[in-house]
Amino acid sequence: MNAPAPLIAAENPARAEQVALLTQIEQRLRWLSSWTVHNANNLREKRDGLKVGGHQASCASITAVMTALYFHALRPQDKVAVKPHAGPVLHAIHYLLDEQTREKLERFRGLGGVQSYPSRTKDTIPVDFSTGSVGLGVAVTAFSSLVQDYLVAHGKLAEADTGRMIALMGDAELDEGNIYECLIEGYKHDLRNCWWIVDYNRQSLDATTADRMFRRFDDIFETCGWRVVTLKHGRLQREAFKRPGGQALEDWIENCPNADFAVLTYLGGAAWRERLTRDLGDAKGVAELLAAHDDAQLARLMTNLGGHCIETLIDAFDNVTDDRPTLFIAYTVKGYGLPLAGHKDNHSGMMNTTQIEGLRAELGIEPGHEWDKWAGLGDNLAARLEALVKDSPIARKVAEHRAPAVPVPARLPVPEGAVQSTQAAFGRVLFDLAKSDEALADRLVTTAPDVTQTTNLGAFVNQRGLFRRQELADVFQKARIPSAQKWTATTAGQHIELGIAENNFFLLLASLGLAAPHFGTRLLPVGTVYDPFIARGLDALNYGCYQDARFLLVGTPSGITLAGEGGAHQSINTPLIGMGQPGLESFEPAFADEVALLMRWAFAHMQADDGSSVYLRLTTRQIEQLPRGSDAWESDALAGAYWLREPAPGATAAIAYCGAVAPEALAAWKALHDDLPGLGLLAVTSPDRLHRDWSAARAARWNGSARQPSHIENLLSLLAPSAGLVTVLDGSPAALSWLGGVHGHRVSPLGTDRFGQTGDLPDLYRTYRLDVEAIIDAMAELFLN
Ligand SMILES: Cc1ncc(C[n+]2csc(CCOP(=O)(O)OP(=O)(O)O)c2C)c(N)n1
Ligand SMILES: [Mg+2]
């Protein structure tokens, strides 16, 4: 443990005054966060009989840490991810700063009120990182630190303006695997400027946590290059340990199981006395030590852990002056200072009315003055507190940036080649950009979890280089061993190579996609991943989208079209993921010109105020490209679908396909159009956009906008009301079968809904009914029934 610098009040009155004031602020935060939760659950009108919720004990556990951080240690350029259940404390801090309103606090967890967990997009106070899904908000800070280093290396951020990326985390978050994936990646990338502060209350949601992990965290983090600072004892405890009997007390605490400590904390002073007398009564000096404290003092002493002692905390933060990543393990009591303290069920537990009234009285707050910032403190003290708050680092926080947009060329050149795959076309478009002097090209940052070459990013990387803070030679190249891939890493490189951990990949995309608001420079992140392994990082993808981070995700290859790789690599449900994920517009092009069109659109959409991230589902299947008479198809393709063969007015049938199965759809159309005159062939580029637009048009009547028919309604209105549709894609058939609902057309949906297996394409397409025969049969069936 790093011993904090000694602090003797008499020798340093300014410091003593600061500690006294911060201690008052800690109490205010504990009060305001408790009251916010209490008000929402017990005082506000309830209409649905549901529990509102909130976490008073989780808040009280971390108020001292947050006081010391926000009102002392934080620098204006630092960024913080706050553990989800301490959201009300963050809002209370901004309330003290006059940046949060009472009205919003009163509407905690209500519509338009303070969100349950800090939210970048939904809260009105500055929130650096959203949190909610435990573990992700922690790891994202490491990736944002890497992004910050990237911008420094690229001359976009001055070293003097770099901040610390800080996570305030619950100790149960240490159980999330994504933390350790991130530690390993961080070590590889020479992580710096990152603090993780653990609220080590040794309680999770269900229970007290395993004693066996004690000290193991130190080893794990130190192995990965971190400094570990353990704040086990507060100043009261450290002073008591120096007195006769103190050593025995310290040893007892050291060996006390977490659960026992929690039970005694809950029971309070008399229970502590009884237990300590029983266990230590005979040890020299202990009886006297105990006798010197009444029950309340004894309870205070025993719970004076490092994470509740302002002096200990500010000294520990002040002592870290370098940029080495640092883990602070701040021992705490869950529910500290509340009657819930230590109870194993306190995670969702709440103070009852008597208990909150007791806390109010204890803090000298008069009834009716619960929301007054400095209620019960006297004018002089209130003025000093107000001054401290106004002059605190959080009051000088750097506002989020509005970075200017990076110009996007009017068109991106279409890759040439009579036969191409969408994956190769994607790689080619990026390569052409890499060779160009477009401003856009300099802001591209590519990344992949160990699949750079197999997803066609290789040419871009050869052109623009691998990024590394410490330059890294390509040893193979130096030894003149031929290879298509240059693997030299420099500070100027634009590709960030990750190990094979998809969670890290999505978190890095999220961090890169927040570069504009965080650091004032737009980056246009492009990440590739094997389409089925999107599922591995799905929560992190959702997390990035929830924060409105902007990136281009490329899932490739996809579907059973990845024939030889078998069922474990063939994605089936990703079209539905693309449709179901807010903040992510998804597309599945079939032809190279569609890829170029969609990528250009994506780079603009990623920068638009009302834009989002974009997902392209691609394939390695090489297909014959189409001659185009004009570019009339383009705007429809961007809207989600265009008629590749327009149906005759009132036509009785159409085939709608998406992605890799375009050749089968075309061949079936050729085979059928003599029998079904006017047969249409609909190229669907985005089931997602079609469906969103359709839903929005249907909802227009309710949200007050004028009802315009949606794109898909317009397209399908060419068909006769009694027409039949065959839909086909290499993925869940549900992604297209809904088309029948647009005008009530009959549908025969083809697609994959079973795990695939190995085989060549003709075998697989036949087995899974994606081939020409299947489309013809499905059409016939529509007209037979
Ligand atoms: C990924 C995920 N799984 C489950 C939950 C539900 N959950 C919320 S808090 C929590 C445990 C919190 O314990 P800890 O991190 O120690 O926080 P504290 O004790 O400070 O409240 C769990 C399991 C969640 N929010 N996210
Ligand atoms: Mg905990």
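Predicted model: local features only at pLDDT ≥ 70, side-chain atom pairs only at ≥ 80, totals over all residues.
Me: What span does α6 reach from its first C-alpha to its last?
Reply: Helix α6 covers residues 177-188, which is 12 residues. At 1.5 Å a residue, 16 Å is expected. The model comes close to that, at 17 Å.

Me: Which residue just after α6 takes a positive phi?
Reply: The angle is about 60°. The residue is aspartate 190.

Me: Why is β2 largely enclosed by the rest of the structure?
Reply: Side chains in a regular strand alternate between the two faces of the sheet. In β2, Met165, Ala167 and Met169 lie on one side, with Ile166, Leu168 and Gly170 on the other, and all are buried. The strand is largely enclosed because the buried residues number six of the six.

Me: Which residue in β3 is the bridge partner of isoleucine 166?
Reply: β2 and β3 run parallel, joined by six bridges. β2 also pairs in the parallel sense with β1 (residues 79-82), over four bridges. There, isoleucine 166 stands opposite valine 80. In β3, its partner is tryptophan 195.

Me: What hand does the β-α-β unit of β2, α6 and β3 have?
Reply: The two strands of the unit run parallel. With α6, they make a unit that is right-handed.

Methods: Residues numbered from 1 in each chain as written. Chains lettered and ligands numbered in written order. Heavy atoms only, no water. Expected span 1.5 Å × (residues − 1). Buried < 20%, exposed > 50% of the residue type's maximum accessible area, 1.4 Å probe, protein only. Pairing = 2+ DSSP bridges. Right-handed = clockwise from strand over helix to strand, strands pointing away.
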